[in-house]
Amino acid sequence: MKNRNIILSVIVLLLILCTGISVSYAFFKISKSTQDPNITVNIDNVPACVSLQMTNTNIVSITNEYAVPITDAKALSSDVYKTSFDVINNCDSSKDLTILLAPTNSSTMPVSALKYALVEQSEVPSSGTLISDKLGLNNGTKLELKQKYNQDISIGYSVGNKTVPAKTTKSYNLYLWIDENEGGLGQNITMNKLFEGYIVLGSGSLGTPPTPLYDTIQAKYNEGNTFVKLYDGEGSDTYTNSVYYYNGAVEDNNVLFANFCWKMVRTTDTGGVKLIYNGTPKTIYESVNPLEESQYLNLSNDANYPYTFDSTNKTWTSTNKTNSATGTITFTVAEAGDYILSYTVSSEKNYDKAIFYKDGTKLGTYSGSVSGTINLDGLTTSNVIKVEYTKDSSAASGSDNVVFSLGKPSGNSYLTCNNTGTDSQIGTSKFNSSYTSPAYVGYMYNTVYTYSSKSMSSLSNIVFGNSFTYSGGTYTLTDTMTVATWSSGYNTINNNHYTCFTTGTTCPSLYYVYYTNSSTAYYITLTGGKSVGDALNEMLFADDVNKTDSAIKTYIETWYENNMTAYTSYLEDTTYCNDRSILNLNSWNPNGGDVRSYLQFKNYNTNYSLVCGSVTDQFRVGNTKAPLKYPVGLLTAPEVWLAYKDASYSTYYLNTGNLYWLGSPYDFDYYSAVGRSVDSSGLMSNYYVNDSGGARLAVSLKPGTEYISGDGTYTSPFLIE
């Protein structure tokens with residue numbers, strides 16, 4: 001054999017198919033290098049601290065001169081059939097690796113004629129146990145070598161699995177020859193045939209082949225998985241593809257995509273998969289060695305509510321037990337490096353809070369009974385860590401404190417996507433900057449009719465009308481009634497909402513009263529002959545209703561622009577619904593609208609329908625009437641209701657222990673727009689749109705998107721490459 005070394009291909013996906021009685025798979029990516037000597041190769045799906053290095057050039061090949069059958073003993077005793085290389089593991093932990101031999105497209109020799117042996121260079125090869133059977137049979141592992149975007153397909157084979165210890169270089173010899181029992185120069189099977197192949201490196205155990213996520217979810221349903229349900233439609237719901245959704249305390253719907261953690265929520269009617277953001281993957285170590293008190297430098301401890309150090313457990317504990325007070329501690333570390341901040345909070349949930357900062361940037365806010373860790377990689381001696389524990393003005397709960405420690409990680413590590421609370425959000429945002437109009441329930445909005453209130457206690461004989469006429473810039477009330485005294489008649493105007501707030505019937509601006517109490521009337525102002533129906537249409541339904549971005553739309557799209565634009569090609573332009581359909585007009589109905597009731601939107605009550613009403617509520621990049629800048633949005637109330645339908649809301653997978661926004665409007669009460677959210681207990685909640693809530697964006701992977709590894713668990717999420 002000559003020219004017996006390496007060429008490394010363009011970045012490829014390696015699908016390993018074990019032949020023989022059973023079939024199994026593995027996946028790897030390789031980085032191409034040139035045909036230069038002393039090549040070091042870093043593998044994308046292998047840690048960057050692992051590489052393969054050759055001392056020669058070019059390609060493993062068998063050409064005419066050596067394309068003859070020989071005995072095992074002859075092949076193993078000759079350097080002609082040997083290729084040497086090193087596998088270098090500079091990682092802090094051992095790595096299980098697979099050595100792969102992948103023929104080029106120029107290779108014409110049938111691999112069934114070939115045998116191979118992979119041995120360490122320190123070993124003396126011999127016949128028997130060191131020799132694997134023919135390439136591609138029995139111990140050989142067949143694989144499909146597929147270049148990204150399906151530009152090139154060829155076939156390759158695994159020649160051995162090896163464990164390389166940490167900080168170690170292993171040197172190997174690969175022997176490759178034609179089996180003596182196969183034909184040679186006098187037979188067609190190898191005569192004038194060429195074998196060329198790459199030696200490549202992969203990581204991971206044999207597992208599931210690249211499979212579309214949609215197919216995986218569908219298969220789980222067909223297998224009777226209790227956490228995957230078939231959406232059977234609500235009313236007129238019809239879809240081209242079956243829609244499946246996750247329900248209950250799911251633990252295997254985790255996805256790692258764009259270097260962020262996500263949870264699969266459901267499939268789309270086009271065959272895509274909708275995901276909700278779930279934070280960044282965390283590195284978990286076997287152990288953490290907490291610092292001694294002397295290793296906390298530049299310590300600034302609160303004089304009134306100092307943190308106390310427990311020298312046995314090496315933890316700090318807040319002593320703040322005072323309502324409406326905050327206890328603070330700041331410090332630096334003596335030695336730069338990677339650190340883990342461990343915390344346990346025991347407090348009144350949603351009221352008392354522990355907040356951690358690095359150089360003034362908030363790392364996380366925690367409340368209630370919660371514990372966890374914060375990775376502080378690359379911490380320097382100048383970075384300032386601050387911990388605040390704040391009590392509100394009400395009673396205590398639990399131990400009423402925060403306990404924390406800082407330590408250096410040790411031992412092996414693994415990644416996990418098991419995030420909750422603020423760790424599962426991109427941050428917090430108001431849904432909208434204002435709340436004073438029904439228009440502010442919109443993911444976008446345009447015309448705003450702001451509410452006003454008027455004290456009515458001192459007024460008498462005020463005229464109210466059921467309808468009006470408009471001419472020459474003047475409104476004239478018709479079908480009128482008079483309220484002699486407000487305290488006795490404020491709840492009698494259910495059929496007479498229009499007024500000039502005078503004893504007369506004409507005025508240049510008309511007022512529509514939609515809510516009353518014994519002292520006050522709440523109303524919107526109408527001009528130019530417009531009615532309450534015109535106002536509702538301009539605020540909620542008109543073709544031009546979507547002109548101004550909501551606060552949360554701006555927040556989400558800015559985050560996406562800064563973090564994910566490189567992955568837009570993976571996403572489908574699905575609908576993110578902001579359904580402003582009216583369930584009950586109630587007091588906004590001029591004919592019989594009870595002035596003690598609120599304007600209610602479609603998702604005011606439990607509603608499982610995934611149908612999104614008006615085209616102006618169907619937010620997509622390609623919808624000019626409801627445009628998105630990027631294919632990203634919020635989950636809806638029906639998607640959350642489906643997630644805990646007939647299940648426990650306290651344990652279902654969308655409960656993070658923290659309140660976060662949905663895209664569904666709830667109502668407009670007497671003075672404020674209210675939107676839907678998931679509260680800190682996991683239940684569907686209602687939240688004023690100008691309050692700050694968690695932002696958990698949703699995206700939808702295109703139909704056919706495959707994962708290359710993982711089983712969906714926290715520690716092995718489905719990996720999208």
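**Disulfides in a predicted model**

The structure holds three disulfides, a disulfide being a pair of cysteine sulfur atoms within 2.5 Å. The model is predicted: local features need pLDDT of at least 70, side-chain atom pairs count only at pLDDT 80 or more, and totals for chains, interfaces and linings use all residues. Residues are numbered from 1 along each chain as its sequence is written, and side-chain values use heavy atoms, with hydrogens and water left out.

**Exercise 1.** Describe the disulfide of Cys-261 and Cys-417.

Step 1. The sulfur atoms of Cys-261 and Cys-417 are 2.1 Å apart.

Step 2. The torsion about their S-S bond is about -75 degrees, so this disulfide is left-handed.

Step 3. Cys-261 lies in strand E19 (residues 260–267) and Cys-417 in the loop between strand E31 (401–416) and strand E32 (427–430), so the pair ties together parts that are 156 residues apart in sequence. Strands (E, at least two residues) are DSSP runs, numbered from the N terminus.

Step 4. Cys-261 and Cys-417 are both buried, meaning under 20% relative accessible area (1.4 Å probe, protein chains only).

**Exercise 2.** Find the handedness of the link of Cys-500 and Cys-507.

Step 1. Their sulfur atoms lie 2.1 Å apart, forming a disulfide.

Step 2. The angle about the S-S bond is -70 degrees, and the link is left-handed.

**Exercise 3.** Describe the disulfide of Cys-577 and Cys-612.

Step 1. The sulfur atoms of Cys-577 and Cys-612 are 2.0 Å apart.

Step 2. With 85 degrees about the S-S bond, their link is right-handed.

Step 3. Cys-577 is in strand E42 (residues 576–577), and Cys-612 is in the loop between strand E44 (599–601) and strand E45 (618–619), 35 residues apart.

Note on methods. Helices (H or I, at least four residues) and strands (E, at least two) are DSSP runs, numbered from the N terminus. Buried means under 20% relative accessible area, exposed over 50%, partly exposed in between (1.4 Å probe, protein chains only).
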